[in-house]
Amino acid sequence: MPGQFYDVIVVGAGPAGSYAACELASSGYSVAVLEQKEAVGVGVCCTGIISLECFDSFGINPEVILNKASSAKFFSPSGKCLRLQDNRVQACVLDRASFDQAIARKAQAMGANYLFLSRASDIVIEKDKALVEISHYGSRERLTARAVILANGFNPRLSQKLNLGKIEHFIIGAQVEVEADDVNEVEVYFNQRIAPGFFAWLVPTSANKALVGLLSMSHAKVCLQKFLLSPFCRRRIVRQEGRIKQKAMPLGTLPHTYGNRMLVIGDAAGQVKPTTGGGIYFGHLGAKIAAEVLGEALINDDLSADGLSCYQRQWKAKMGKEISLGYWARRAYFKLSDRQVERIFSMFDSGGIARTLLDSPNLSFDWHSRLILASLRHVLVYPLRKAWHLFHKEVGL
């Protein structure tokens, strides 16, 4: 409300923003959450696949889970299928709109005040307060707080204006819901002509319903339209439901995720897995650390950049290696041809590498660095192992 002085203003009502708001409000702080759309979860573009561990950490009702996955099919450029199955459920598929709304309801129950159709147009940091100018129902208003959390997704405008730097690279995700036949498990397609440098997917959400999407550096909507007409999809998709949605996601991290009276979390900070474009889990970790750091800073009344700098150190220690190695792996994959991708598939299939990795403690839906390094070791050793086997066969050993 205009004229009200808040402890914290959170810009953005996605999972990260709402979780941070919930944690701070539950500690007794007055919190306002600004959302530029008319409601939480409107127009969200996300496949909504997260681990059960991640889902449980939000503490919300499981009725927002559409499906659970314990297996997946991976397709090479030529259509060769590598199917991996585990006895354990590895992930769940969420109704993202309902998921976001459930977290927001928890925050509201703790006292957080949500202001919809409220876009933060400017933020001014003063010595004793932060001023947030918003466009609210067609008028301009100014809110005041002790501190601000930016959780507004990949939006370089505000971070640059606040001298926090800029995330140089980004990707585009495109997705659409379809009615489909014979889509019973998660399918992932690696083909540089369909999704250059990334991958496409079919994810079942319910009986005869699926999400079809892909990631691309550019022209994601055009790439998805081509994928929908490809032999991989054409015979099984009965009809497209709704329009194709698109979303920009960061590839890399923001140089500064803290400042005087300010922290940045989620996609806005670059807390996203470069391997998959998934941001729910890392954004959740960032929000949790931010709420802890900011809560202590509010108690000590030290909201200076120096006082809040430990936030960046803590989240980087938690997931910085994952993001850096994932970014390196993504850049390496981008340079591969379809023929090279096909050879890697053959190695994983015929060499039993896929099964070995599936049974390995390195396998984690949320943490990819150990899996990337283990896969690399297997790929490098495989030709030597094969040559050694052939040598023994030739000499009759």
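Predicted model: local features only at pLDDT ≥ 70, side-chain atom pairs only at ≥ 80, totals over all residues.

Visitor: How many aromatic pairs does the structure hold?

Guide: Rings of Phe, Tyr and Trp (its six-membered ring) pair if their centres lie within 6.5 Å; planes under 30 degrees apart count as stacked, over 60 as edge-to-face and the rest as tilted. On that basis, the number of aromatic pairs is 14.

Visitor: What kind of pair do Tyr-114 and Phe-116 form?

Guide: Their ring centres are 6.1 Å apart. The planes make an angle of 35°, and the pair is tilted.

Visitor: Which kind of pair do Phe-190 and Tyr-333 make?

Guide: Phe-190 lies in the loop between β13 (186–189) and β14 (200–206), and Tyr-333 lies in helix α8 (residues 310–334), 143 residues apart. Helices (H or I, at least four residues) and strands (E, at least two) are DSSP runs, numbered from the N terminus. The ring centres are 6.0 Å apart and the planes meet at 75°, so the pair is edge-to-face.

Visitor: Is Tyr-333 buried or exposed?

Guide: Buried means under 20% relative accessible area, exposed over 50%, partly exposed in between (1.4 Å probe, protein chains only). Tyr-333 has a relative accessible area of 13%, so Tyr-333 is buried.

Visitor: Which ring does the charged end of Lys-273 sit over?

Guide: A charge sits over a ring if NZ of Lys or CZ of Arg is within 6 Å of the ring centre and within 35 degrees of the ring normal. For Lys-273, the distance to the ring centre is 5.9 Å, and the ring belongs to Phe-282.

Visitor: How is α1 oriented relative to α6?

Guide: Axes are lines fitted to C-alpha atoms, for helices over the stretch in contact, and angles run from 0 to 180 degrees between N-to-C directions. The axes of α1 (residues 15–26) and α6 (residues 280–300) come within 9 Å and cross at roughly 30°. Angles under 35 degrees count as roughly parallel, over 145 as roughly antiparallel, 65 to 115 as roughly perpendicular and the rest as oblique. So α1 is, relative to α6, roughly parallel.

Visitor: And how is α1 oriented relative to α3?

Guide: Helix α3 (residues 96–109) packs with α1 at about 15°, their axes 8 Å apart. That makes the two helices roughly parallel.

Definitions and conventions: Residues numbered from 1 in each chain as written. Heavy atoms only, no water.
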